[in-house]
Amino acid sequence: MEGQSVTKVVLLSCGSFNPITNMHLRMFELARDHLEDTGQYKVVKGIISPVGDGYKKKGLIDAYHRQEMAKLATENSDWITVDAWESLQPVWVETVKVVRHHYHEMLAAEQKNDDVDTVKYAKKRRIEGNYFEDSSHDKRRGGPQLMLLCGADLLESFGIPNLWKQDDIAEIVGRYGLVCITRSGNDPHKCIHQSEILWKYRKNIQVVQEWVTNEISATHVRRALRRGRSVRYLLPDAVVHYIQEHDLYSAESEQKNADVVLAPLQKYTGASSS
Amino acid sequence: MATRRVPLVLLACGSFNPITNQHMRLFELARDHMHSTGQYQVVGGIVSPVSDGYGKQGLVLAKHRIAMAKLALQSSDWVKVDEWESQQPDWTETVVTMRYHYGRILEQFEQRTVTHVDSTTPLSSPSPQLKLLCGADFLDTFKIPGLWRDDHVQEVAGRFGFVCVSRGGLEPERVVHESDTLSRHSQNIFLVREWVKNETSATEVRRALRRGLSVKYLIPDSVIEYIHQHNLYTEDSERRNEGTVLRPLAKQAQQPVKSLDD
């Protein structure tokens, strides 16, 4: 095609998806448009990875249902898929591990499609060794990239004590990259500016301005459902039907894990081994 | 004895250029709200796209706007598209559209009351009502000089009523407060607060389409397909009616105030 090579990108979105909403899906579309608009990227796949039940978030219903709803929601998408790996793990899995897992899956898929290329293999080994020393963005020239897709609230959550390990943040942003969709009331640029790690790897953080404010939060959806209100047109119809069929989301379901500590907090403030 | 609920139909007039998920949300929110007052039973919803004669910039042909609305509402069991307004030779004032639909609703109601005389049918069901469903921005247009006739605002507010869905601010309350006519009929104006900030507007959707950006999950897939098939919403289509005076303004300017029987 053109002389300048276009980097293939896979977007990974981790979250509760409790339930998935049109806003979650919009984020993928916005991210893809933004990245491809730069002329440097081609977004080839989107992955939705619902968190496991071990996360112990209040009101988190069974991973099985959250998976099913996400699948129904992406039925009509030709590039966004749902992956169950994270939700099938016996305990909560740190985001960085989910990212690594999907990165390796992506490389494996790429290699299957390539002819044997010894240069690429060598490059891969070098990358794994030196990822912190080289903070420049384009270190995997020609190779596909996996980026974490998130909202500005996730970026802000990096600052919450004991929620994230600093090393993990450094790896996610330094080695992989972030595509962050803004939300009104959050200023990702400020967040980046105020964090040493984020500032260091700022070139790996793509901030996507969402001009059409669309704040369909799953929390709001669950609230509406508890109160017997309609959530039609906030989520795909198939998901609305599924919720009705299985009678998910009640005052009771919202109390699940009410007295339990969130898994990451438990992990990082509990026993020293980690 | 429990008071019988008033059967209520919600009518939304607008460009629907194109129809979006947010338009359809208005109906859902309004229905939930009116039910929760305990006084109403929402029995139907009508989407009435404006006719081409409206002359608004960027307005694509009514036949397309109708087709898209039909596609979008295929899966709804209570909201329907009505073509009457779009088929009128000239732009039709909102109050005239309301009178037309109210007449039909009354007719249907009277027929049903006459034919269903059995022990299961309540013989004295309250008379049905028609209310205008709109967003806060719609209420705001009343203060634009020359856009509305005072007697029309009076009739819509006094005889029919509004269900106005806002986006979380106190704007509609302020708009009602600042208008004597609306204030006089405030008991006929139902304000529904939408806490989910959602600024999906047809204008934004058209903008995204012009720029080749995705509008998936903002409007139904079937409508997206239709738009691509017919290549609607381009820079050219947005220039349609450029420089034309909006029909209501033109009409109001040339007419003295007529009587109520148009």
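1. What share of the 274 residues in chain A is made up of buried residues? In this predicted model, buried residues account for 53% of the 274 residues of chain A, where buried is taken as under 20% relative accessible area. The accessible surface of chain A comes to about 13,600 Å², and carbon and sulfur atoms hold 48% of that surface.

2. As to the fold of chain A, the assignment gives 13 helices and six strands. When contacts in chain A between residues at least 6 apart in sequence are considered, 79% of them join residues that are at least 24 apart.

3. Turning to the interface, the contact draws 24 residues from chain A and 24 residues from chain B. The area buried between the two chains is about 2,300 Å², with 49% of that area given by carbon and sulfur atoms. On the side of chain A, the residues that lose the most area to chain B are A:Arg26, A:Val212 and A:Tyr233, which together provide 27% of what that side buries.

4. With regard to polar interactions, the rule finds eleven residue pairs in polar contact across the interface of chain A and chain B, counting pairs with both residues at pLDDT 80 or more, whereas the number of salt bridges between chain A and chain B is zero.

5. Concerning the make-up of the side of chain A that touches chain B, helix α1 of chain A (residues 22-37) supplies the largest share, with five residues. Sorted by class, that side of chain A has eight nonpolar, nine polar and seven charged residues.

Technical notes: Residues numbered from 1 in each chain as written. Chains lettered and ligands numbered in written order. Predicted model: local features only at pLDDT ≥ 70, side-chain atom pairs only at ≥ 80, totals over all residues. Heavy atoms only, no water. Contact = heavy atoms within 4.5 Å. Buried area = accessible area lost by both parts, 1.4 Å probe. Salt bridge = Lys/Arg side-chain N within 4 Å of Asp/Glu carboxyl O. Polar contact = N/O pair within 3.5 Å; in protein donor to acceptor, adjacent residues only side chain to side chain. Helix = DSSP H or I, 4+ residues; strand = E, 2+ residues; numbered from the N terminus. Nonpolar A, V, L, I, M, F, W, Y, C, P; charged D, E, K, R; others polar. Buried < 20%, exposed > 50% of the residue type's maximum accessible area, 1.4 Å probe, protein only. Areas by Shrake-Rupley, 256 points an atom, 1.4 Å probe, with all protein chains shown as cover.
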